[in-house]
Amino acid sequence: MTATSPLTPAWLPAPDDVDALDPAIWAAGVARTDAGELAVQGVPASALAAEFGTPLIVLDEDDFRARARAFREGFDTAFASLCGGADVYFAGKSMLTLSTARWAAEEGLRVDTASGGELAIALRAGVDPAHIGLHGNNKSEAELLAALDAGVGRIIVDSVDELEHLAALAAEHGHIAPVMLRLTPGVHAHTHDFIATAHEDQKFGLSLAPSAQDADGNVAGRAPAAVAVALALASESVHLLGVHCHIGSQIFEADGFGLAAARVLEFLDHARAEHGVELAELDLGGGHGIAYTAADEPRPAAEIAAALADDVQKTVERLGMDCPRISLEPGRAISGPAGLTLYTVGVTKTVDVDAPGGGTAPRRYVAVDGGMSDNPRPVLYDADYTAALASRTSEAEPVLSRVVGKHCESGDILVRDVHLPADVRRGDLLAVPATGAYTHVMASNYNALTRPAVVAVRGGSARVIVRRETMDDLFAREADPAPGRPADQTPTPQESA
Ligand code: LLP
């Protein structure tokens with residue numbers, strides 16, 4: 001039942017060494033101690049689990065910072081001669097806490113937010129408002145006003161409807177709204193459908209294709225993007241900075257970014273011809289892929305930057321235009337690889353399942369103390385992860401295993417296929433790498449599980465940056481503080497202490 005199991009997916013290689021921690025997947029500070037334990041910057045998994053409990057999201061702070069720097073330096077260098085460098089916005093949605101926002105700012109990044117809540121976090125973290133962008137396809141009036149009042153550097157406007165609304169709101173409140181227009185250049189990224197966002201039939205952005213009808217701010221025969229540029233330039237309460245596009249997430253191919261850039265630059269060229277203005281800024285969004293398993297092969301930030309700069313240079317030369325200031329919004333590629341999740345193993349069991357070629361094959365289930373509430377990505381996107389025995393090494397034979405959570409749901413899978421030692425058992429610690437992005441921020445309280453703590457490791461010591469939820473937190477929003485008890489019998493602080 002090792003690598004020869006007929007249930008093994010084609011992409012999953014037989015492990016040479018089941019204890020090995022592939023540096024392409026794990027954070028830079030992760031290694032085994034002499035005793036064989038997985039450690040983050042020398043802090044052993046058992047010490048982290050003993051001090052902070054499991055499930056636990058552990059961020060290698062230095063790794064996060066190094067990836068942030070690599071994007072900033074890589075893009076600054078690649079675009080230096082073209083447009084004087086590039087501005088890198090950390091896509092907060094991937095992992096936004098006060099600490100991570102500060103780390104990004106300290107490394108010279110700006111912060112991209114996607115809601116009033118994210119904006120509030122970035123502001124409270126002390127990020128310079130001029131270095132914050134606000135996104136969203138349906139921002140509320142309160143969110144738009146909060147951004148205007150805070151003086152954010154850019155509001156990324158998603159539709160003609162929103163542009164009209166924002167212009168009126170800014171005028172009413174005596175602001176000039178700094179606007180980037182989000183365009184959909186019609187590039188379909190090769191990724192999971194749910195997270196590909198630059199094709200036409202979707203909710204985001206202003207189409208570059210002429211509209212067939214007059215509806216919702218569209219003008220028949222005109223591209224919504226062109227309508228928005230004309231409107232923004234004509235509005236006294238809008239300062240049109242430039243345009244934006246984001247083609248999807250977890251993308252490895254360089255071509256998609258280059259093609260989207262070319263289409264958007266062509267659009268800017270037309271806008272220049274029509275209005276006689278050169279828009280100063282072009283944001284190419286995020287979406288740079290990371291390694292979740294050995295099957296993924298991401299490229300270093302400097303390489304991505306060099307390839308993109310090459311594409312952009314060719315396009316601006318072809319069009320005979322000045323290169324606008326380039327910005328980008330990587331999220332996952334900065335926060336994802338810096339994180340891992342530690343779990344404690346509970347139940348293990350092996351079942352016989354139908355094998356693809358006929359007959360049956362054993363499948364080993366390893367259940368841990370978290371699940372789809374701390375990482376919904378496998379369930380939502382069929383995302384693959386890997387895992388390793390963290391509290392020790394093992395001489396036992398590797399067996400194809402499925403790591404599952406503890407939720408009342410059979411789809412509650414964390415790692416669909418991974419080779420783990422056959423003797424993994426109750427009490428062992430398992431680590432799942434590349435969980436720094438879109439886990440903490442997407443976590444839920446399903447089945448009333450309390451959400452994990454987030455711990456940062458730096459300089460060989462670990463500290464809590466977001467505390468674990470408690471049972472009390474589960475009741476914090478209930479209108480009746482002690483359901484089932486008369487209000488006057490609510491426990492006193494002494495009683496509940
Ligand atoms: N900029 C914009 C406008 C975006 O919409 C996104 C992601 C990013 C930047 C950052 O993308 P990244 O570099 O992190 O791929 N929950 C999904 C991902 C949704 C991404 C939405 N937008 C997941 O877990 O895969």
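Reader: How much area do domain 1 and domain 2 bury between them, and what share of it is on carbon and sulfur atoms?

Author: In this predicted model, the two domains bury about 2,100 Å² between them, with 60% of it on carbon and sulfur atoms. In domain 1, the residues that lose the most area to domain 2 are Pro337, Tyr381 and Tyr438, together 28% of what that side buries.

Reader: Which parts of the chain make up domain 1 and domain 2?

Author: Domain 1 comprises 30–60 + 337–470, and domain 2 comprises 62–335. Their C-alpha centres lie 34 Å apart. In contact across the boundary are 27 residues of domain 1 and 24 residues of domain 2.

Reader: Which helices and strands each supply at least two residues of the side of domain 1 that touches domain 2?

Author: They are strand S4 (56–60), helix H11 (377–381), strand S20 (453–458) and strand S21 (461–466). The largest share, four residues, comes from S20.

Reader: How is the side of domain 1 that touches domain 2 divided by class?

Author: That side has 15 nonpolar, six polar and six charged residues.

Note on methods:
Residues numbered from 1 in each chain as written. Predicted model: local features only at pLDDT ≥ 70, side-chain atom pairs only at ≥ 80, totals over all residues. Heavy atoms only, no water. Domains from an automatic or database assignment. Contact = heavy atoms within 4.5 Å. Buried area = accessible area lost by both parts, 1.4 Å probe. Nonpolar A, V, L, I, M, F, W, Y, C, P; charged D, E, K, R; others polar.
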